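Here is a short briefing to read alongside the sequence and the structure. Take a look at the chain below, and then we can go through it topic by topic.

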Amino acid sequence: MELVDFLRISIFIPYIDNFISQLELRFVDHKNIFEGFECLFSIQSSKEELESFNKLLESYTPLIDYNNSTAELMLWKVKLSRFNIVQKTSLEAFLLCDSKIFPNINKLLKMLCTLAVAALESE
């Protein structure tokens, strides 16, 4: 076995495997979290939306009250449909959300507004 083959097998292939797993962790796993945030912007509720919202709640369980959040989501959707409100950005939704009436939804929207900033790393 030549030195090039040895280095390829012992260093380069494990490095590429690690790199691919990091990409999957960063992009594929975060996709599920962002799907949960999507239901905060729609007026209608579907079974798939509620499942993705429950996955979102499981991710943030220590910070968010799991039991009250689903009821708050339903009230939030009633507010949006009754006043015919369509938010275009997460910041608009956060400013519209009263933290006294919707404390858990407000926390989730605050996390969504800061998520893109918090996920960046310096090189």
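Contact here means heavy atoms within 4.5 Å. With that in hand, Glu-49 touches Cys-39, Ser-42, Gln-44 and Lys-77, leaving aside residues up to four places away in sequence. Please keep in mind that this is a predicted model.

**Salt bridges**

- The count of salt bridges comes to two.
- One of them joins Lys-77 to Glu-49, with the closest N and O atoms 3.5 Å apart. This pair links distant parts of the chain, since Lys-77 sits in helix 3 and Glu-49 in helix 2, 28 residues apart.
- Glu-49 belongs to helix 2, which covers residues 47-59.
- Lys-31 forms a salt bridge with Glu-35, and here the closest N and O atoms are 3.9 Å apart.
- Both Lys-31 and Glu-35 lie in helix 1, four residues apart, or about one turn of the helix. Glu-35 is partly exposed, at a relative accessible area of 31%.

**Aromatic pairs**

- A pair of aromatic rings is described by the distance of the centres and the angle of the planes.
- The model has four aromatic pairs. In the pair of Tyr-15 and Phe-19, the ring centres are 6.4 Å apart and the planes meet at 20°, so the pair is stacked.
- Tyr-15 and Phe-19 are four residues apart in helix 1, so about one helical turn separates them. Tyr-15 counts as exposed at 51% relative accessibility, while Phe-19 counts as partly exposed at 44%.
- Trp-76 and Phe-102 make an edge-to-face pair, because their planes are at 80°, with ring centres 5.4 Å apart.
- Trp-76 is buried, with a relative accessible area of 0%, and Phe-102 counts as buried at 4% relative accessibility.
- Ring pairs also link Phe-34, Phe-37 and Tyr-60 into a cluster.

**Nonpolar core**

- The largest nonpolar core has 21 residues, and those with the most contacts inside it are Phe-37, Leu-40, Phe-53, Tyr-60, Trp-76, Ile-105 and Leu-108.
- At least two residues of this core come from each of helix 2, helix 3 and helix 5. Which helix gives the most to the core? That is helix 5, with six residues.
- Not counting residues up to four places away in sequence, Leu-108 touches Phe-37, Leu-40, Phe-53, Leu-56, Leu-57, Tyr-60 and Ile-64.

**Surface patch**

- A nonpolar patch on the surface is formed by Ile-9, Phe-12, Ile-13, Tyr-15, Phe-19, Ile-20, Leu-23, Phe-27 and Val-28, which together have about 910 Å² of accessible area.
- Phe-19, one of the patch residues, is found in helix 1, which covers residues 3-38.

How values were computed:
Residues numbered from 1 in each chain as written. Predicted model: local features only at pLDDT ≥ 70, side-chain atom pairs only at ≥ 80, totals over all residues. Heavy atoms only, no water. Patch = residues over 30% accessible without salt bridge, like charges linked within 9 Å, V, L, I, M, F, W, Y side chains within 5 Å. Areas by Shrake-Rupley, 256 points an atom, 1.4 Å probe, with all protein chains shown as cover. Salt bridge = Lys/Arg side-chain N within 4 Å of Asp/Glu carboxyl O. Phe/Tyr/Trp six-rings, centres within 6.5 Å; stacked < 30°, edge-to-face > 60°. Buried < 20%, exposed > 50% of the residue type's maximum accessible area, 1.4 Å probe, protein only. Core = buried A, V, L, I, M, F, W, Y, C linked by side-chain atoms within 4.5 Å.
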